[in-house]
Amino acid sequence: MRLDKFLSQQLGISRSLVARELRAGKVTVDDEIVKSGSLQVSSEQSVAYDGVVLTHVTGPRYFMLHKPQGYICSTDDPTHPTILYFIDEPLADKLHSAGRLDIDTTGLVLLTDDGQWSHRITSPKHHCEKTYRVELENDIADDVAQRFETGVMLNGEKYPTKPAQLEIITPKEVRLTISEGRYHQVKRMFAAVGNHVCGLHRERIGEIWLDPQLSPGEYRELTAEEINSIAVPR
């Protein structure tokens, strides 16, 4: 990669500003001052700006986060804290969530800088399943599982939801698996059957389950098996 492109990505500044910093002698490669942005640099070389070594990021990255309440899944927001607060990685702002959660919803969030991979999760045509644990205000009615299996009409929608699977844990706690991603879908589905969601926690996306070893706010890299479970044509 060209040095000026690498610096632009790392420092978040334009290449014209990079050129100015290079001319000022603020950049070293393997402890030698370099003023030409056209120099090709590899991941084995040490690049420093103002004496601070910059980390090379090679290849796409994949993480799972146990999202707590009170954080949004955008990478930048002027009024609410974002999930990137928890991600201690180089160029964390280049990551995006593959399937967002509401500010008050907890659980599994997948983060990546691989747009094609995340598209396999978020695109409606791929029908990627998501499983949620749901706390309800009222006892679940006897007919809800059947109604969800056949599809329910949501307020303001033209078509019913696709078949969803409901597992009853207790009268006021259930597990719901859906294959769509409509706006506030889980909350609206229960509203459509006369109930109200008090708590919502995502447990699974596709074949990837939230690691029970992760406390709220903790994250880890995905395993190769987890990454490959989201099939991407090559």
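Residues are numbered from 1 along each chain as its sequence is written, and side-chain values use heavy atoms, with hydrogens and water left out. In this predicted model, local features need pLDDT of at least 70 and side-chain atom pairs count only at pLDDT 80 or more, while totals for chains, interfaces and linings use all residues.

Trainee: What radius of gyration does the protein have, against that of a compact globule of 234 residues?

Mentor: Happy to start there! The value is taken over C-alpha atoms, and the globule rule is 2.2 Å times the number of residues to the power 0.38. The C-alpha trace spans about 75 × 40 × 35 Å along its principal axes. A compact globule of 234 residues would come near 17 Å, but the protein has 22 Å.

Trainee: How far apart do the C-alpha centres of domain 1 and domain 2 lie?

Mentor: Good one. By an automatic or database domain assignment, the protein is divided into domain 1 (1-51), domain 2 (60-122 + 205-228) and domain 3 (128-203). Between the C-alpha centres of domain 1 and domain 2 the distance is 30 Å.

Trainee: Does V52 count as buried or exposed?

Mentor: Let's find V52 first: this residue is in strand β4 (residues 52-54), strands being DSSP runs of E with at least two residues, numbered from the N terminus. Buried means under 20% relative accessible area, exposed over 50%, and partly exposed in between, using a 1.4 Å probe and protein chains only. Because its relative accessibility is 51%, V52 counts as exposed.

Trainee: How far apart in space are V52 and V193?

Mentor: In sequence, V52 and V193 are 141 residues apart. In space, C-alpha to C-alpha, their separation is 58 Å.

Definitions and conventions
Helix = DSSP H or I, 4+ residues; strand = E, 2+ residues; numbered from the N terminus.
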